[in-house]
Every structure is written in C-alpha cells, then in structure tokens.
Amino acid sequence: MLLKSRRGWELPERAATPEGAYMNRREFALAAAAGPILAAAGPALRAFAADDPSAKLYPVKRNEKYVLDRNLTDEKFATSYNNFYEFGSHKGIAKAAQALPVRPWTVVLDGMVEKEQTVDIDTLLKAMPLEERLYRHRCVEAWSMAVPWSGFPLAKLVEFAKPKSGAKYLRMESLADKATMPGLKEFWYPWPYVEGLTIEEATNELAFLATGMYGKPIPPQNGAMLRLATPWKYGFKSIKSIVKFTFTNQRPKTFWETLAPNEYGFWANVHPAVRHPRWSQAAERVLGTDEMMETMPFNGYEEFVGEMYPDRNNDPKLFM
Ligand code: MTE
C-alpha cells in the first residue's frame, strides 16, 4: 500500500485537515448531542424551509434503486454536525450558515460548452427531474451518515450544459461571499472551495446534485442551493453551495489537494485498506450513534463505479 510521508506543512494543523481526526469518541458523542440543542434553538433554521420558493417541490418520489444497509441518520444530527469551512473550521456552523444568501441563486455553466450560460436556480429546478435517493456518506475523517437527498442526476446538468467533445473534466466552485462567510477571513485557505470530477464520473448514474434533504429544501449548512453527492468518494468531494460548473480539458486543482496533496487527492475514492497518512480508514463511526461499522471499498458502491477505475487493484492513489 502506498504510504506517503507527510510534508512539513506550514499551515495550522486544523487547516490541513477537514476534520477532528483527533476527535475521540467522547467528543464525537458530544458533538452529536449538540443536535437536539440546535433543534430546540431552531425556529430560524426551520423558517428557512418555509420561506423557500422551492419548498413546495418537496417531497419528491423516491428512486428505489439505491438502497441502504443501515438506518437513515436522524435529521437533527445530519443538519447540525457539519463541515462547511466557509462558516468556520468546526462542526457547529449550522447557525452561522443561516446567513447564506440563498436568493437570488444563479449557476454559471462555462468553459468548453456549446454556449456559456447562467441559470437561475428556480428555473433549473423546474427543468430537472427531481427524485429522492438514499445514499451513504463517508467522510475522510472516518464518520458516516445515511441521508435521503432530493435532487437530480449530475448527468442531467451535463446534458443541459452541452459540453464540447474535448471536455474531460468538470470543475465545480462554491459560493465565496465575504459578507456572510466568516471562514473566508482565514486567508491560508485557497478560497473558493473547488472540486472536480472526470466527465465519466460526472455522468455516472450515482453522481447526484442535491437540492433537498429529508423531503425539504436542503438547508444552508448542508450546502444550499446545490450540493454534490458522490457517495463512493470521501465526503470532501461533496462540494456545497455550487455556483459554477466549468467544463475543461485540464484536471482541476481542488481545495483540499491544494492544501495537502499528500493527504487529500483528486480521486478520493473510499477504501478501507488505504490508510490516510495519519489514521486508518478501516472503520467508520456512525453519526448520532455509538456504533462503528466496517468501511466498504467505494463505500459499498463498487458495482456502480468500479469499471471507471480499471487500475483499482494496483493504484492506491485512486483511494486518497
Ligand atoms: N463544501 C464546501 N463548500 N465547503 C466545505 O467546507 N466540506 C466538505 C463537503 N463539502 C465542505 C464542502 C466535507 S469535508 C464534508 S465531509 C461534507 O461537505 C460535509 O457535508 P455535511 O455537512 O452535509 O455532512
């Protein structure tokens, strides 16, 4: 197994890891317990869904093809234990994230496309076939959750954007709004948050753009208005609050890859046998419970995505 040694990284420790990799069991349980507190303090959080002009679109019909091997994570945990560094480099950002300006929300489709365009989110929501999918989510920090996302296949957006044949990658960019995102003051991060997929990955049936969760519009802390779900990859690939999709023939340099390339690679496919340089990926803590589960190759989705990675048995780089 390829084990790269860590570089003498000049960043603060917490800047170079999207996590509490050092978080012990007790801290995890305490963080999870913050859920009910937020829920109790949450009229502001709940008001968001009611005011959202897209609220009436949900719930949407579940696509039964994608099944879980575990219980769904309780909504209060999934919506109160978050990674969204634009609002702070800790898990308790849900309240701060309510400042996210969700309207107007436009999405730019540019680069190697037939015609560059900017689409309003509500127009896009009407044009896309919304469905619900139950997906596992495995964070690189070795915790996991299972969420009912609503949204549409990323392949549908690719089709809508009409990329040129030379486009090999899709680069995605999050909103970076200094006025509402205190994390942007942490200048050592390479804002905006950027992620990327190959076009083959972006058009794989599993790649999904979430616009809702738990039968409601997706809340700001989970990535309103548009958030990627690639359940076979580590959670940092699931870029939140996307405002731009760029079709390109250059592999995009991602946010975490720029910060710590030896720890968070471009591929980031989940694998229990490929260690993160600083911790094991063999098992995961199930958010909101005291349970540990064994991690599965490709997070259990190998049947859908394995063929995209013919080198998967020989190239550990695919799993970091
Ligand atoms: N997207 C943006 N823009 N900013 C972030 O900090 N964190 C990533 C991902 N998407 C992140 C992001 C990480 S590390 C994870 S695990 C998931 O979002 C967390 O999603 P959740 O808060 O819905 O659990």
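Keep in mind that the model is predicted.

I'll start with the ligand. There are 19 residues around it, and those that come nearest are Tyr85, Glu86, Arg227, Ser238 and Lys240. Sorted by class, the shell around the ligand consists of nine nonpolar, seven polar and three charged residues.

Arg227, already named among the nearest residues, has a polar side-chain atom 2.8 Å from an oxygen atom of the ligand. Ser174 has a side-chain N or O atom 2.9 Å from a nitrogen atom of the ligand. For Asn82, a side-chain N or O atom lies 3.0 Å from an oxygen atom of the ligand.

How much of the ligand does the protein bury? On its own the ligand exposes 530 Å², and the protein buries 100% of that area. The space that the ligand takes up is also the largest cavity.

Next, the aromatic rings. Searching the whole structure gives 23 aromatic pairs. I'll show one of them, Trp191 with Phe255. The ring centres are 5.1 Å apart and the planes meet at 40°, so this pair counts as tilted. What does the pair tie together? Trp191 is in the loop between strand 5 (169-174) and strand 6 (194-198), while Phe255 belongs to helix 8 (residues 255-259), so the pair links parts that are 64 residues apart in sequence.

Last, the backbone. Most peptide bonds are trans, and most residues other than glycine have a negative phi. Three places here are worth a look against that background.

Pro59 sits in the loop between helix 2 (43-51) and helix 3 (75-78).

Then there is Ala224 to Met225, again joined by a cis peptide bond, with omega about 0°. Met225 is found in the loop between strand 8 (216-217) and strand 9 (227-229).

Finally, Ala142 has a positive phi, near 75°, and is not a glycine. Its loop runs between strand 3 (131-138) and strand 4 (143-153).

That's it from me.

Notes
Residues are numbered from 1 along each chain as its sequence is written. This is a predicted model: local features need pLDDT of at least 70, side-chain atom pairs count only at pLDDT 80 or more; totals for chains, interfaces and linings use all residues. Side-chain values use heavy atoms; hydrogens and water are left out. A residue is near a molecule or strand if one of its heavy atoms lies within 4 Å of it. A polar contact is a pair of N or O atoms within 3.5 Å; within protein, one must be able to donate a hydrogen and the other to accept it, and residues adjacent in sequence count only if both atoms are side-chain atoms. Accessible areas come from the Shrake-Rupley method with a 1.4 Å probe; for residues, only the protein chains shown count as cover. On a 1 Å grid over the protein atoms alone, a cavity is a set of points where a 1.4 Å probe fits but cannot get out, and a pocket is an open set with protein on both sides within 12 Å along at least five of seven lines; lining residues have an atom within 4 Å of a point. A molecule sits in a cavity or pocket if more than half of its atoms lie within 2 Å of its grid points. Ala, Val, Leu, Ile, Met, Phe, Trp, Tyr, Cys and Pro count as nonpolar, Asp, Glu, Lys and Arg as charged, and the others, Gly among them, as polar. Rings of Phe, Tyr and Trp (its six-membered ring) pair if their centres lie within 6.5 Å; planes under 30 degrees apart count as stacked, over 60 as edge-to-face and the rest as tilted. Helices (H or I, at least four residues) and strands (E, at least two) are DSSP runs, numbered from the N terminus.
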